Amino acid sequence: MLEVNSLTVDYPTRGGTIRAVENVSFSLGKSETLGLAGESGSGKSTLGLSMIRLIPPPGRIVKGEIRIDGVNIVELPESKMRILRGQKVAYIFQDPMTSLNPVKKIGAHFVELIRTHEPNTKKEDALERTKKVLGLLGILPERMNDYPHQFSGGMRQRIMIGLGITLNPNLVIADEPTTALDVIVQAKILDLLENLRRAYGMALILISHDLSIILERCDRIIVLYAGNMVEYASSAELHKNPIHPYTQGLLRSIPNIELSDQRLSAIPGSPPNMLNPPKGCRFSPRCRHAEEKCGLMEPSLIDVGNNHFVKCFAANDEGVAVE
Amino acid sequence: MGLRTYIITRIILTIPTLLLLLTAVFLIMRVLPGDPVALHFEKKATPETMEALRHILGLDKPLWQQYLDYVWGVIDIGYMVEHGYPNLGKSMQVTTEDVGGQIFSAFPATLELAIYAIIIAVVIGVLLGVASSKKYNSVPDHIIRGFGIITYAVPIFFLGIILQLIFGVYLRWLPTGLRIAPTVEPPASITGLYTIDSLLEGNLYKFIESVKALLLPSFTLGIILSGVFVRLTRTNMLETLRLEFVTAARARGLKESTVTYRYALRNAFLPVLTMMGLQFALLLGGAVLTETTFSWPGLGRYIVTRINFRDYTAIQGAVVMFGLFVTLVSLVVDILYAYLDPRIRL
Amino acid sequence: MKEENEAKRSILARLIPGFVSLTKHGPSGWMVIIGLVIVVAIVVMTAVAPLVAPHDPIESRVGPIASPPSWQFPMGTTALGQDMLSRILFGGSTMLQVSAISVLICFVIGVPLGLFSSYVGGNLDKTFSLIIDAVYAFPGLVIAIAIAAVLGPGVVNMALSIAVVYIPSYFRIVRSQVLSIKELTYVEAAKSIGAKWHSILFKYVFPNVVPSIVTVATVNFADAVLTAAGLTFIGLGVSVSIPDWGYDLTKGRELLSSGGWWVITFPGVMIILLALGFTFIGEGLSELLNPKLQR
Amino acid sequence: MSEIVRVENLVKYFPVQKSLLEQFFARKVDYVRAVDHVTFSIKKGEIFTLAGESGCGKTTTARVLIRLLQPTSGRIFFNDQDITQLKGEKLRLLRRKMQMIFQDPYASLNPRMRIGDSIGHPLEIYGIARGGEKVKKVLEVLGKVGLTPPEQFINLYPLNLSGGQRQRVALARSIILEPEFMVADEPVSMIDVSLRTTIIELMLNFRKELGITYLFVTHDLAVAKYISDRIAIMYLGRIIELTDKKTLFNEPLHPYTQALLSAIPVPDPERRRKMIELKGEVPSAIHVPSGCRFHTRCPYAEEICKEREPDLVPVTPDHLVACHLTERK
């Protein structure tokens, strides 16, 4: 359903070009769930936004293709792309407080969405459908006439999810959907998302810096570091058998309330400067197993078996020399 | 708080502002110079003549009483109903004439000029501002920004003179002064606005004549002011276009025009609207110069003429009138804002 | 003394790389540079006018009356037969003086008043704000006209009337900045380490207000130039005996109907250039310093 | 162990900010009841945590406690001295002993002050060291927080530093005075996951080396569990459960604590927990529900819960709960 092939995204800035996403490839089947995990600057949001082609300018896709139901959207004219957004792919943003138009009533958001994509729908029918969706979200239909500021953050995120599923898309991309929310609300929102996804058979890409919720909610996980996929595996496999030193380090720095005597450790060093990323393996300056080779050659992303891909010389010897 | 309560409280809160305004004008005009009468005569009159004028104008009373007389004059509704204008005292130059009457007959000219100028300024400003923000950091953006900056730096009367020179002197397309050609009888005064009065009269010829007379002054003022609106709209659009709800709207596949106008502009316009009250003050300042340039018989020209006569009571009256006008406009703008922004009504 | 020298050196040491680094900020940085160049050029021009001007700017009949630009009088002559070029070279001084003095007055009154009012807060602050806002909302030129009419001609009086209009802008920007900075975490952090109030005000709050004040000051400069020209235009100018662009522009109207374009064009362009210089600096700076537009 | 800090019946109400217009019409002033009668004490050398969701009053409690905010009522003791009404110079001198680090490392440093000046400023304030001696001390603490080589950092501006590095600077500034007590308000929530542990480890080190007692404020119970000795859970301005960390995670008694714990994600795909559903959302702190403030959402609420507010009472000597149901047992 979704196929991404060697996707590369650049952001030209005054200080030089930032390669935010580099050579990312993966695929996603119907009603599968994929987690994109990474820290600030890993390129996870850029990757998410490129799937609906809304990378903020001057960022642009310089290489690769993204196929949604076989159609390569990288080359799609904007008019066709616009129709795809909302209809086939829905996007849910991080901050529910700012993702609704403050001067528009909630109901009007829905009606506008429906009538943009299905111009022949009558206003009454659109309102009917809105009520139905609000019902699914646990929001009283009469609140349709309220403005966004009259809702709490959790409620607004529900509304965003509702807007996302109204047109029954095949794919929902949720970019840090619960980062701005409290844990109890977070759990409820993630449950809602999961239930709706099952009910409508949608695929889900969950983007988060919080590996806990990704491990908990996703079938497969991509770990991103400095725009690169460093590891790609099923969550069970990743949890039991993390191979890339970055993934290992990340797992060792998350506290788990179910463990009683946990020892956490940090990954040494600082996040990479994306204007001047380290040569070879991007993680090598912070890696405790780094060898000379790691700074000279860039390892390839190789399947180590079990559909478990790793980009590290610890897992395989293949790589490309850098100048 | 409902919209109606908001409006009522907002109106009530205008009262202290008005009092403050009257006091400030009084301080500047009567207290600051010491003796306006002496200034009026430039020391070329006998003490007796000066004393006589002081007596007629009531300037021989103690300062606090002058103050009370003056404030009472402005708010005396009875006087206003009887004469059709507030009591702003007598003119120093011609002591039989009421300043209020003179000001009220000059005011519609300024009002008409201001209305058309602000429409021109807002239309040009918002359209260019939006275009500029959509093409951020590209050549069109730089050109529009340049336009905004240059209009800010051009003295308004310089632009007026240049336009007079081109369209009036060389091309002879448009009149270079007055509200309507001297050969044409002005329309009967209903609103005092010639364009509207002539339409009410059903006289198309007079309408066209008055529009022709309005074109140059209102464009002069409008263009100069549009720069401010370009800058304001551009900055606010740039900030709004970066907000998440704009990206979210695009992500739902809404049309770019919907995103630009109903999402971004609708929100970016709110701060522009708040600024409009303040810009109106700027506009009135510009109107003084525009009226002088185009011999436009409005309040601004009135004040300038009176300065030449050193007619301080008249100047004071005109300044008060400008103040009242601005206060009224900012009241309207605030109410409009409350109407447009649902977050105000809690 | 030594400390003072050190302070001076460190300001210079900061200014020069600052100037160079402006070129790295794209159009906004260049705008600041162009604006600075224009303003400095005009100041220098006015300063060296007595040395380079071909004629006495005030003396009439140095040439023919109202003659168009020629080799002898590159900018033509006025209706009184004065040399336009010399008048242009000299004519900036009034505006520069008026704008500089008005900015100075605003700075000395508006900034401390804003700092004091917002830092003290409470009813005093409310009262000050109410008064200042009322003045701010009033048509600036009209106030300036009223004050200038009352005070009479003169550079300082003109500067004063402009300053009264502009003090509210300084007050408001300083006040709003102090109020928002006062709430910032680093001020709270300063409090939590036990810093004294004056140390908080001058080490933590004020340095972060300065950029906004500078931006307002440049706009103030540009506006002062235009307001001075406007006051001159309606007959509230400084004096006939001092060459002034605003005066020439006003007088030049009389020659227009007979086709005398040069008498308004040159002074008009000079006023625009000066105002433009200041506006460029202000516009560039405000874009550079707008945190909402920074990525 | 003796106690270092004690607060009794601490209350902090904020008047609801109103525009001039609203003040004109409002009959009475509304209050946000941010902290509503809170009592607890912190033992010397321990890490005491205030945890809860946003708006529960944890941060306000901490700020009032170190007198950055003036309490509405209640008393605060520091080393058995009543510091509630301390003012001026005395309060300033007290600050030497109690420090705070803030949540947002991007906002807690003056952007126009060099790192070295920021860190050294406390020394100047108390006249401890100036000039070369100050620099020497600054270099020393920079080393202690792991910003090495320190000479490289001393002349930088915050702009040049990453979030993690800024938080270390903030930490350095607060330990340079060798305080007895430190409030850490969500010190790691805005830092990348892979760097959080560094800050936490530094805090633990300073406890060992300098004997600093911490009040740790967090919304993240997983972090709280890792770092704290005792934890107090707050809900709408009140502490509803207070005990040592082991008891809290193994035998939570208050229904809110139970729900909160059940909602925390666990980084393990095979262990899906059963979440305890709560009705609705946290009510506004302006219109706090009557009786037990949790009753509107509590799955076990009874009549009495609507009527009477439960006190925070010991179930065992070290386990305090504010709930009618546990009280009865």
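Which elements do the buried residues of α11(B) pack against? They pack against α2 (78-87) and β6 (89-92) of chain A, and against α10 (204-241) and α12 (256-293) of chain B. This is a predicted model.

**Helix α11 of chain B**
- Helix α11(B) spans residues 244-251 and is mostly covered.
- Seven of its eight residues are buried.
- The buried residues are Phe245(B), Val246(B), Thr247(B), Ala248(B), Ala249(B), Arg250(B) and Ala251(B).

**Where chain C touches chain D**
- Here 13 residues of chain C are in contact with 20 residues of chain D.
- On the chain C side, α8 (185-192) and α9 (197-233) each supply at least two residues.
- The largest share comes from α8(C), with six residues.
- By class, this side of chain C has seven nonpolar, four polar and two charged residues.

**The sheet in chain D**
- Eight strands of chain D form an open sheet with mixed pairing.
- The strand order is β6-β7-β8-β3-β9-β10-β12-β11.
- β6 (98-101) and β11 (313-316) of chain D are the edge strands, and each pairs on one side only.
- Neighbouring strands of this sheet are turned by 20° against each other on average, direction ignored.
- Within chain D, β3 (residues 47-51) and β8 (residues 213-218) pair in the parallel sense over five bridges.
- Thr49(D) has Phe216(D) in β8(D) as its bridge partner.

Notes. Residues numbered from 1 in each chain as written. Chains lettered and ligands numbered in written order. Predicted model: local features only at pLDDT ≥ 70, side-chain atom pairs only at ≥ 80, totals over all residues. Buried ≥ 20, exposed ≤ 12 C-beta atoms within 10 Å, placed from the backbone. Helix = DSSP H or I, 4+ residues; strand = E, 2+ residues; numbered from the N terminus. Contact = placed C-beta atoms within 7 Å. Nonpolar A, V, L, I, M, F, W, Y, C, P; charged D, E, K, R; others polar. Pairing = 2+ DSSP bridges. Axes fitted to C-alpha atoms, helices over the stretch in contact; angles between N-to-C directions.
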